[in-house]
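Here are some friendly notes to read alongside the model. They go through the sheet, the helices around it and the pockets in turn.

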Amino acid sequence: MSAPRTPALADLRPDLAAIAATIPEGARVLDIGCGEGTLLAALAEHKKVDARGLEIDPERVATCVARGLSVVQGDAEADLVHYPDDAFDYAILGQTIQMVDRPAEVLDELLRVGRSAFVSFPNFAHWRMRIALGLGGRMPVTPALPEAWHATGNIRNLAVSDFRALVAERGARIERGWYFAKGHAIRERGANLRAEFALFLVGR
């Protein structure tokens, strides 16, 4: 199989572009649920990071390996325990925390194996969601969440304010936040209502 082209940092998905812009050159990075390695490849090429990945889908792992990336097959909930404390400068969990059974424990593990963690997720309190559920009486299908309830991998519906509360409950702190709507960054004010998805940099 031919390896996909490595995108420029500015061409990445908005949350991934924000992560790539923040991570310094030469950092040690673990991307959990790294997919086909788009972010890892961009970081390795443009930021010269020590890029490692963990991905549950064997076909996506094969794609990553074909790109020359150091990615192993594994599950965020079962396999992070095998990594030592502070093994990485940054642990990344992009658009995945809403798909795990135990998000609080996964956040703890991110902050154990990484000195800081990036976490992004869809905001289920976005105004389109509220209107669809409140007026339509059915689980929302929106541009940000295009799959019906029975087809989606999302099992934990959280809002921006829920994640902030979780971080505080686990004794961690939010170092920085980014908020996005229609593919563009928006201001923090009213983000729990206005943001389609959010990204946070979390530390201990």
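1. Strand β1 (residues 28-32) and strand β2 (residues 50-55) run parallel and are joined by five bridges. Two strands are taken as paired if DSSP finds at least two bridges between them; strands (E, at least two residues) and helices (H or I, at least four) are DSSP runs, numbered from the N terminus.

2. A word on the basis: this is a predicted model, where local features need pLDDT of at least 70 and side-chain atom pairs count only at pLDDT 80 or more, while totals for chains, interfaces and linings use all residues. Residues are numbered from 1 along each chain as its sequence is written, and side-chain values use heavy atoms, with hydrogens and water left out.

3. The sheet is open, with eight strands in the order β3-β2-β1-β4-β5-β8-β6-β7 and mixed pairing. β3 (70-73) and β7 (184-186) are the edge strands, each with a single partner, so one side of each has no neighbour in the sheet. From one strand to the next, the twist averages 20°.

4. Helix α1 (residues 14-22) packs on the sheet, touching β4 (88-94), β5 (114-122), β6 (173-181) and β8 (197-203), and its direction makes about 140° with that of β6. Helix α5 (residues 103-113) also packs on the sheet; it touches β1, β4, β5 and β8, at about 145° to the direction of β5. Contact means heavy atoms within 4.5 Å; axes are lines fitted to C-alpha atoms, for helices over the stretch in contact, with angles from 0 to 180 degrees between N-to-C directions.

5. Please look at helix α2 (residues 38-46) too: its buried residues (under 20% relative accessible area, 1.4 Å probe, protein chains only) are Leu39, Leu40, Ala41, Ala42 and Leu43. They pack against α1, β1, β2, β3 and β4. Just after α2, Lys48 has a positive phi of about 55°.

6. Now the pockets (open sets of points on a 1 Å grid over the protein atoms alone, where a 1.4 Å probe fits, with protein on both sides within 12 Å along at least five of seven lines; lining residues have an atom within 4 Å of a point). Of its 24 lining residues, Gly33, Gly35, Glu55, Arg60 and Thr96 are closest to the centre.

Conventions:
Buried means under 20% relative accessible area, exposed over 50%, partly exposed in between (1.4 Å probe, protein chains only).
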